[in-house]
Amino acid sequence: MEFETTTCIAPSHKELVEYYAKICDLSVSKFIISMINYAAMKGVKTNSPFTHVQYRKRDARKWQRLHICLTYHEYEFLLDMKKLWKMSVARLIEFCIENILLEFVEALLQEEHNYSYRFMHYTFDFSSVKNMPAYRCIWGLPPEMLAKA
């Protein structure tokens, strides 16, 4: 099942994403979701509790629409990143382009980082932290959770 969404980004950012997606032989949608995943795995930004959702800065630039097609797992991941980093989709893409784009492209072009099904193993762990209910969102299957199954 595919999920589709549309966002608006700066024309220069759209050109960069399209250019590097072509170099990496990926669709623009796969390139963007992989870039966000790379940023999350690298810990580029930490969680920002008790803050408001961040949006792009308003300016006189004309935005261009960007249509994104995602699998169910990728869509769920994108929703989690919006909540965790408290950013709109447009701001999330902008943040990743401005902070890790070139590093991500270099890593993606290396054979060991070029893999499929990045979001297939996705689970939650419910627990408590200092007697408060908590849950962890886990992108992967940790051995301790497999032992419980």
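I begin with R91 and E94, whose side chains meet in a salt bridge at 3.0 Å, N to O; the term requires a side-chain nitrogen of Lys or Arg within 4 Å of a carboxyl oxygen of Asp or Glu. The model is predicted, with local features needing pLDDT of at least 70 and side-chain atom pairs counting only at pLDDT 80 or more, whereas totals for chains, interfaces and linings use all residues. Residues are numbered from 1 along each chain as its sequence is written, and side-chain values use heavy atoms, leaving out hydrogens and water.

Both R91 and E94 belong to helix α4, 3 residues apart, about one turn of the helix. Helices here are DSSP runs (H or I, at least four residues), numbered from the N terminus.

Are these two residues buried or exposed? R91 counts as buried because its relative accessibility is 16%, and E94 is buried as well, at 8%. Buried means under 20% relative accessible area, exposed over 50%, and partly exposed in between, with a 1.4 Å probe and protein chains only.

R91 also forms a salt bridge with E98, with the closest N and O atoms 3.9 Å apart. E98 is partly exposed, at 49% relative accessibility.

I turn now to E103 and K42, a salt bridge with its closest N and O atoms 3.3 Å apart. This pair links distant parts of the chain: E103 lies in helix α4 (residues 89–109) and K42 in helix α2 (residues 28–42), 61 residues apart. E103 is partly exposed at 36% relative accessibility, and K42 is partly exposed at 48%.

By the stated rule, the count comes to 4 salt bridges.

Methods: Helix = DSSP H or I, 4+ residues; strand = E, 2+ residues; numbered from the N terminus.
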